[in-house]
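Reader: I have a model open and want to learn how to read it. Please take me through it feature by feature.
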Amino acid sequence: IVRLDAFAYVHKEPGKRNFLNEPGTWDILDKVKRIADKCGLTLLPEIHSRYEEKIHEKLAEKGYMTYDFFLPGLIIDALERHTNEYLIRWITEILDKGIRVVNMLGCHDGIPLLDLKGLLDEERIQGLIDTIVGRGGYVKDLHGAKNMYYQVNATYYSALGESDARLVLARAIQLFMPGKPQVWYLDLFAGRNNHAAVEKAGSGGHKEINRTNLGMADVLAGLEQPVVQRQLELLRFRNTFGAFGFDAACEVAQTSPERLVVTWRKDGVSATLDADLAAETFTVTATGVDGVTRTI
């Protein structure tokens, strides 16, 4: 898989806007795809946009994978408000429309929240921004304009209030969402906001808050932590158990608002996540072809 960074800015034409010119952007993407197809490569165009613009749907309709930039904020919202409402809505939409996504919690750039415009209301989005900033995050404006796309720069662990239980639950939800999981190394090690790195970097160094370098000693120490071990256990399961994939069946149950129950099935095996968004606990069960169910 080859990521095409900030691809919507690639097409330039005098007198046109600087972002997602049509049809020029799609023409260039098609040319790159023809080259990629010859090499057996899958393209992943990175295009940030508001949910209401439906660009993620347009990418899917054209046969491309797309980043799920909505999930990070939706999970934080679900944990803050103890409700499955928007997670279920988004899962259902991905499945119904056949959108193939790569999803994540945190990443090298920050936590995208204005991407949620049109999915969450403005007040709720601002509440998420205020919560993460209140936990030590930084807001990145685009060209100084509040009404344009920006991210909140923070580690996902700090954005969750530095709760081990919340981080592991968030990871479990990510791994049971439709799509291909992507894991940022610092999330795996429950990295905290690095304000010293931001200060050292100076102007424009806000992204350093979530780019802490880990030496071998840091990694070895981290691997001893239960929050890291549990994530690795879940990742191994997701990566090796046969119930998942774009060609598998995924179902989300209608439950009380504080619960999220997602089941995957393929080739006679199944896996179920039963999460309590209020208690911040969950169980993962797997049933093999022999009909035996075990807890992960």
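Reader: What share of the contacts in the protein with a separation of 6 or more comes from residues 24 or more positions apart?

Author: The share is 63%. Contact here means heavy atoms within 4.5 Å. A word on the source: this is a predicted model, where local features need pLDDT of at least 70, side-chain atom pairs count only at pLDDT 80 or more, and totals for chains, interfaces and linings use all residues. Residues are numbered from 1 along each chain as its sequence is written, and side-chain values use heavy atoms, with hydrogens and water left out.

Reader: How many helices and strands are there in the protein?

Author: There are 11 helices and 13 strands. Both are DSSP runs, numbered from the N terminus: helices are H or I with at least four residues, strands are E with at least two.

Reader: What radius of gyration does the protein have, and what would a compact globule have?

Author: The rule for a globule is 2.2 Å times the number of residues to the power 0.38, and the radius is taken over C-alpha atoms. For 296 residues that gives a value near 19 Å, and the protein agrees because it has 19 Å. Along the principal axes, its C-alpha atoms fill a box of roughly 65 × 45 × 40 Å.

Reader: What percentage of the residues is buried?

Author: Buried residues make up 50% of the 296. Buried means under 20% relative accessible area, exposed means over 50%, and partly exposed lies in between (1.4 Å probe, protein chains only).

Reader: Now a helix. How many residues of H3 are buried?

Author: Nine of the 11 are buried, so H3 is mostly covered. They are Leu71, Pro72, Gly73, Leu74, Ile75, Ile76, Asp77, Ala78 and Leu79. These buried residues pack against several elements, among them H4, H5 and helix H7 (164-176).

Reader: How do I describe two packed helices?

Author: Use the angle between their axes and the distance between the axes. Axes are lines fitted to C-alpha atoms, for helices over the stretch in contact, and angles run from 0 to 180 degrees between N-to-C directions.

Reader: At what angle do the axes of H3 and H5 cross?

Author: Helix H3 (residues 71-81) and helix H5 (residues 122-134) cross at roughly 85 degrees, and their axes come within 11 Å. That makes H3 roughly perpendicular to H5. The scale is this: under 35 degrees is roughly parallel, over 145 roughly antiparallel, 65 to 115 roughly perpendicular, and the rest oblique.

Reader: Which residues meet there?

Author: From H3 come Gly73, Ile76, Asp77, Glu80 and Arg81; from H5 come Arg124, Leu128, Thr131 and Ile132. By class, the contact of H3 with H5 has three nonpolar, two polar and four charged residues. Ala, Val, Leu, Ile, Met, Phe, Trp, Tyr, Cys and Pro count as nonpolar, Asp, Glu, Lys and Arg as charged, and the others, Gly among them, as polar.

Reader: At what angle do H3 and H4 pack?

Author: The angle with helix H4 (residues 85-97) is about 150 degrees, and the axes are 8 Å apart. Leu71, Leu74, Ile75, Asp77, Ala78 and Arg81 in H3 meet Glu85, Tyr86, Leu87 and Trp90 in H4. The residues of this contact divide into seven nonpolar, no polar and three charged.

Reader: What should I look for in the backbone?

Author: Look for exceptions. Most residues other than glycine have a negative phi, and most peptide bonds are trans.

Reader: Which peptide bond is cis?

Author: The bond from Glu22 to Pro23 is cis, with omega near 5 degrees. Pro23 lies in the loop between strand S1 (2-4) and helix H1 (24-38).

Reader: Where is Ala6, and what is its phi?

Author: Ala6 is also in the loop between S1 and H1. Its phi is positive, about 50 degrees, although it is not a glycine. Ala6 counts as partly exposed, because its relative accessibility is 30%. Just after H3, His82 takes a positive phi of about 55 degrees.

Reader: Is Asn193 buried or exposed?

Author: Asn193 is buried, with a relative accessible area of 12%. Its place is the loop between helix H8 (185-188) and helix H9 (195-201). Asn193 and Ala154 are 39 residues apart in sequence and 5.9 Å apart in space, C-alpha to C-alpha.
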